[in-house]
Structure formats: C-alpha cells, structure tokens
Amino acid sequence: MRHSGGFFLPDKTANLVMWALATISIVFFGRVFYVNAWKQARHGHANMDTLIALSTGVAYLFSVFNTLFPSVWTSRGLESHVYFESVCVIIAFILLGRLLEERAKYSTSSAIKKLAGLQPKKVTILKRSDAVEVRIEDVVVGDIVLVKPGESIPVDGTVLDGESFVDESSLTGESIPVEKTSGSKVFSGTVNQTGSFTFKAERIGEETSLAQIIRLVREAQGSRAPSQKLADKIASVFVPAVMCIAAIAFIVWNICGMATGNNLIAYSLLALVTVLVIACPCALGLATPTAIMVGIGKGAQNGILVKDAEAMENARKINVVALDKTGTITTGHPEVTDEFWFEETGSGKDYKAFLKGIFASMEATSSHPLAQAIAGYYRQNGVVPKNKLKIKDIPGMGILCLPQPVGAQQMNDTGFFAGNASLMKKEGILVPEAAAKEAKELEQQAKTVVFFAAKDFSDTANGKVLAIVAVADKVKESSRQAVGELKEMGIEVVMLSGDNLQTAKAIAEECGIEKVEAAMLPQDKEIFIRNLQSKGKVVAMAGDGINDSAALARADVSIAMGSGSDIAMDAAKITIMGSDLKKIPQAVRLSRQTVKTIRMNLFWAFIYNIIAIPVAAGVLYPINGFLLNPMIAGAAMAASSVCVVSNSLLLNFRKI
C-alpha cells in the first residue's frame, strides 16, 4: 500500500484506472479549457482557463510519468505521487461552478416570443360588408378591421365605427382601459374589452407599436456584454507569476547542483512540478459560484429571485433606480379612496342606505373600470344593490338611472346621475360649495372624482349633488419606505410613467420622489435609461408591465414585480415575488454582501498559494533542509476549498 495524492491505493492497477478516468475527464469534459487557454496564449494573454489548463495539464503529465517510471523517484528516496484524482476534481468543480452561474440565465428570445404572442394570428377584415378572416401577414394599409370583445388589436389604426374600452397597458402601463370612439387611435398589442368596433389599418408589420417594442427588447438584450470576472483579472497576473516562479525554481536548483557537484535534477523537477500543482485552482473555481449560489438561495428565501451572477454582481453598483408608476409604486388597479355625502337624505340612515344601493347598482351595470371599482367598494361594505333599474349610458360622461318605483321606496319623478363634472354641468345640477372644494382637492391628489346626484325631472332646476367618490390607483404601503431606504444608500430614484404629469407628480410626492418623467411610451423609457448610461450611471429599472420590457432589457439591472406580466419577468434579471418595493434595497444589500464574500473567497483561494508556492520552490531548503511534500500541498488545496465553502455559507446568517 502506498500514498497517491493523499489517497490510499492498493497497487499500480488503481493508478491505471485513475489514468483512464482522468484522460476521459480532460478529453471530453475539460477540452474547452485547453482550447480557450491556447487561444489566449496565441494573443499573449492568460486567464482562468489558462490556470485550469496549466494546473491540470501539469498534474496529468506528471502523474503519467510517475505511473510509468516510478523508479525515477523511489531510487532517490522520494515518493512517486500521482494526481489523477485532482485533475478530475478540479475539472468537475470548475464545470459545476459555471453551471451554477449559467443555470438560471434567461433566454434572449423568451420575452420576444411572448411579445410577439400578443399579436393575433388571424384578423377579421370587412370586404364589401362581408367579414373575412385572413392571416395577419395579409393585412394591408387601408383595410377595415373588425375587433370583437376580448380580442387583441392586430395593427395600428383609427376607429371608424363603434365604441369600446381598450386595455393599453402594453404601451402605457396604465391599468385603466381607455375609451375608444370614432376617430380614436388604436395600437397593436392592446386588448379590446367590451364592445365591438371597426378601424382603418394605418401601420402594419414592422411599423406597428408592438413591433417597435420587440425591436427595442432585441437590441437591448443583444447589446449586453458579459462582465469581466474578477477571477480572470487575478488569473491574468497570477498565472504568469506562477510560471515564472516554477521556471526560476527549476533553474536555481540546477545551478546549485552544478555548483556543488550534486545531481539535483530530480529535486529541480520536483520543485517545478510542485509549484505548478499547488496552483491548481480548486478553491478559485469555487470562490465565485459558491457565493453566488448561496446568495441566490438567500434571495429566494426573502422573495428575491436573482437569475444570474451578472445581476448579483451589478446590483451593488447601482446609483440610479428608475421606477415604473402603475403596478410598481402603485397597486396597479383603481380603488375607492374617499367617500363624501353632502345632503341630509330624507328619513335618515335607511334612506341613505337606499341611495347607496341605487348608486352601487348603477355602477355595477357599467363596464367602466372606475364604475367597477365603486361597485366593488360598496359590495365589500355590505351595501345591498337594487335590481331592475332602468339605466342609460351617457357616453364620455357617466350614466343615468331613470325615474321609477323601487320596492317600498318611491322615486316618483326623481332620476339619478353618476359621472364626471361635465355631466353635472350638462344637466344643470347644482354642485354645493363643499362638494366643489372637496372635488378640487381630490383632483389635485391625482384622484378621479365621480359625482352622484339626484334630479327631479318634474322640476329640472332642483338637481343636487348628493355625494362624491374618489377613485385612484393607490400607492403601495411599502413604496415610500423603499424610496427612503434607497436614498439613504446613496441611490437616486426616478419615476417613469405613461400617465399625465399632474397625476405622476402627485404620486411621486406621496412617495418622496423628486424626479418624475411622465407621458412616456415604451421607447421613451428605453431612451431615458440609455441616456443615463451614457453619462456613466449604473441604472436599475423596476417595472411590471409589457410596456416596461424594452427599458428592463436595456437597464444594467432589471427588476420585475412578481405580480406583473410574464414578459416583464422574462426581460428582467431579478424578480421581486409579490409587490413589496422594500425588496429592491434588500436586493442591493444582498448583492453587496455576496460580492464582499466573493472577494473574501478569492483571498482564501490565493493566500495558501502566496505562502506555499515559495516553500514549494524550495526557499526553506538551504535554511533547514525542508522541501514541501506534495501531499501537504494537496492538503493545503483542500483546506483552501473548505474555507471558501464555509465563508460562502456564512452569507445565510447575515441580515439584508
């Protein structure tokens, strides 16, 4: 029984078996390292692949020599060690590390495919009053396109006939559908909600709004260069240094041998090989991926899904965070925020409850998102709606409940209106001073005000506003705290919104954001981020909608809200599970901790080399006759790897 690289082997047969396995590892699994190292060498460079190829190559050749000619060493009283197992372990560790770094990387085409899926394959066009279904590729400018409820709009154009509400969140990010009537513009990739309408095709193919978003995503993702790995930077200096030390050790041992008349060729060769073998980068191969793996796992436990090492590394460098408004800072859907009643209503609480039932029933009959928010609010508050009401839509303004008897309560000639200020003015309904003042204050807070009024049709001069309800996309409870934390970390916060400037500013002020960019289309957001990057800023973009996908792809660090669209999550490198914005500063802190751990790991990966390489070269031999045993070198390598893994695991116990 004898030692081989620190393991017990029974005889020469075991060495031959390990030789075969090591050969397979090099030829089939480690070939890429040698090819890349050769390419680097041809250009006079050295990197991580050079270090791996050199260390494993020397260990392999030295082990082959010792397997075939062990007597060269045993005749001189030295052990004939082999390092085949080290070759296999090094290659396996490095490949595992790279797999851990690459396993969750997104596919560039994934978000693009989903964006393209927003466009229907078939389109209904009108030809001589007949509806004909054709492929979208066959649509030409000037075609009359019919869009039914629930269908995606295939191309850009102008509405000719019909009315509906269209969900344009894919372009603007705003959650409230937009009313479309004759003359309104419609855009590819948006979704029709309720009614049917026809429109004239004006922009098709690559000219549509959706095609432009796809192009921006493709360009932004394709332009991202891989970050330079810190290990490669270190290796570019370390590899030449190791080679020089090994060569110097070999030459010095021979010179000393000739000077003393001793044959020290065996010692010079042993020093050369030991220096190169001790540089085998087991710990170096584990330094980055183990920390990244632990960091990604810790993020997942805290609701932060990080897709790759690049995002984990870059998040610590962020100095600007751009936040989408709707669905990121706000909840993404309209809710009732305020309710005010201004009239003493008849016989007290019962009659007021009756009026609330009328109001709730009127809004429940409307498909408008604001009406649905009000109906939902009253439903949650236990208001009993009234049935069999005669409701009439007033396009662009609101709805009317016609006079009629309802159960025990008689409305006689009284009708009810629910709508905007324009409706009140049109119907000559008096708005009390208190109601007008309250409505103005609510509108300044970027809230939409809905008036509820009664009018006696037998005496048209006595209409009065009974109540107003304010509806808005509420700011998330975590938004202001998250913005505050980012500012404390020295990070500038900017809000990007497709909404109007007044609404955007009101939301920004509520969250403590000073810089606001409003009325932005997807391409505007992407251009804004590109301009920041041209000034040397490291930009993070956080969004949740399809309209954010181009900006997410362009940003240095892209963050998607888990409650948002699949396309946004595909385009982003970090996904926040749920919608808590406080996860963003946590992600930055996690990145900083992880990169700090990587640097500590690299320190441990190299510190044993700094100490052991000179000893391996034989600097202590003239002093005390000590020459480093290769087994001790192997133990030092193992200890370095243990330190690296242990240090990475400590990440789990740090607070973010």
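A519 counts as exposed, at 56% relative accessibility; exposed means over 50% relative accessible area, buried under 20% and partly exposed in between, with a 1.4 Å probe and protein chains only. You'll find A519 in the loop between β23 (515–517) and α20 (522–534), where helices (H or I, at least four residues) and strands (E, at least two) are DSSP runs numbered from the N terminus. Its phi is near 55 degrees, a positive value in a residue other than glycine.

A word on the source: this is a predicted model, with local features needing pLDDT of at least 70 and side-chain atom pairs pLDDT 80 or more, while totals for chains, interfaces and linings use all residues. Residues are numbered from 1 along each chain as its sequence is written, and side-chain values use heavy atoms, leaving out hydrogens and water.

Now for the rings. Rings of Phe, Tyr and Trp (its six-membered ring) pair if their centres lie within 6.5 Å, and planes under 30 degrees apart are stacked, over 60 edge-to-face and the rest tilted. That rule gives ten aromatic pairs. One of them, W341 with F452, is edge-to-face, at 6.0 Å centre to centre and 75 degrees between the planes. This pair links distant parts of the chain, 111 residues apart: W341 sits in strand β14 (residues 330–341) and F452 in strand β20 (residues 448–456). Both W341 and F452 are buried. Ring pairs also join these two with F359, Y377, Y378 and F416 in a cluster.
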